[in-house]
Amino acid sequence: MRYRCYICSSTFEVTTEHYRCDCGGLFVLEIENSVLEVDRSDWSLWRYRSLIPVITDSSSTPTISMGEGMTPLVADSDGSFLKLDFLNPTLSYKDRGSVVLVALAKALGVKEVAIDSSGNAGVSVAAYARRASIGAHVFVPESTSPKKVRQLQLFNAEVHKGGDRSFAALAIAEFLDGRPEIFYASHVYNPFFAHGVKTVLFEIFEQLQMRLPTEIVVPVGNGTLVLGIHEAINDLKRASLIQTGPKIMAVQAQACAPIYEAFRQVPSSSYSSPTETIAEGIAITSPPRVNEIISAISESNGDVIAVSENEILDAQRGLLQRGVDVEPTAAATYAGYLALRKSGCIEDACVVVLTGAGLKSR
Ligand SMILES: [Zn+2]
């Protein structure tokens, strides 16, 4: 197991203090092929640990777990399904990646981690770091909802708040410079994260009796969910369990749609990002892994769509009428699903992944 630079293909040990290549390229994780063996006695995402990268003896049960994963898949109208992935320990799907990332930090003997986040990833990493007795610094933009900031403080994280999301990314880079002992537990830079997130597709595969939907609708900002699903599709293909994966249908907010613009080759003037959107989880103006995200969506024969603020609010209300309370970022995903359904782009049963709980945003 080692890191490979996405740009120049240089390789690094996973114990490296670097969080990206000297050329500026981001790491992808090279892992040996292994077999998908589901440990049915384990009621957490670690039931798929045969395919989750850990740097300890993979046969031993990881010590850091809060029963993450195993979220409900419930029927929606039109034969589609909602994957209620906000029902994870910190009420967001990010716990899938955090548990794997913090397990890595623990195995490396790290005492402190740092992460920049629009909110959910920070809360999630802070919770798991706390559980692993590791200190956490979390860099969040000024606009992060007070509830998420309060949660960070309750987990004893040191909160560095200010500027917009890009400012938080710059501030943490400055903070980490000259502090090699602090582990950058980034859901964007560290590829272990996506290998935890990928378990969402293994679960759907089990829940649908060893089949996958034709389409899977997900939000896209920094692309951790898109990249995780891409990894899972590759794993299931390698295991000869599927021939083709679902089409990845990724949703952005029109107010901040750099991936939509790049994928559709729409001039950015027509969707003048960055502007404010209530979907704070996907308000990412320049996603570092944009090329990987676009190739993952293309490879799946998927698409990217952008939804308006009104569509997001309507979708949130629509879900509430079904008894489902999600935050605006997850409502944007459902809005994307409704738009795709209306335009006839989705005819078969699909799965919509709902990523963050409503309580976090109000
Ligand atoms: Zn490189």
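**Nonpolar core and helix packing in the predicted model**

The largest nonpolar core comprises 105 residues, among which Val102, Val125, Val226 and Ala253 touch the most other members. Such a core is a set of buried Ala, Val, Leu, Ile, Met, Phe, Trp, Tyr and Cys residues joined through C-beta atoms within 7 Å; a residue is buried if 20 or more other C-beta atoms lie within 10 Å of its own, exposed if 12 or fewer, and partly exposed in between, with C-beta atoms placed from the backbone. Helix α11 (residues 328-342) gives the most to this core, contributing eight residues. The structure is a predicted model, in which local features need pLDDT of at least 70 and side-chain atom pairs count only at pLDDT 80 or more, whereas totals for chains, interfaces and linings use all residues. Residues are numbered from 1 along each chain as its sequence is written.

Beyond its neighbours within four places in sequence, Ala253 is in contact with Thr277, Ala279, Ile282, Ala283, Ala306, Val307, Ile312 and Ala332. Contact here requires C-beta atoms, placed from the backbone, to lie within 7 Å.

Helices (H or I, at least four residues) and strands (E, at least two) are DSSP runs, numbered from the N terminus. Helix α1 (95-107) has 13 residues and reaches 18 Å from its first C-alpha to its last, close to the 18 Å expected at 1.5 Å a residue; the expected span is 1.5 Å times one less than the number of residues. Twelve of the 13 residues of α1 are buried, including Val102. These buried residues pack against β6, α2, β9 (182-184), α5 (192-197), α6 (199-207) and α7 (224-238). Gly109, which follows α1, has a positive phi near 75°.

Helix α2 (residues 120-131) should span 16 Å at 1.5 Å a residue, and its end C-alpha atoms are 17 Å apart, which agrees. Of the twelve residues of α2, ten are buried, one of them being Val125. The packing partners of the buried α2 residues are α1, β6 (112-116), β7 and α3. After α2 comes Ser133, with a positive phi near 60°.

Strands β7 (residues 135-140) and β8 (residues 158-161) run parallel and are joined by four bridges, pairing being assigned if DSSP finds at least two bridges between two strands. Within this pair, Val140 stands opposite Lys161 in β8. Together with helix α3 (residues 146-154), β7 and β8 make a right-handed β-α-β unit: with the strands pointing away from the viewer, the path from the first strand over the helix to the second runs clockwise.

Definitions and conventions:
Two residues are in contact if their C-beta atoms, placed from the backbone, lie within 7 Å.
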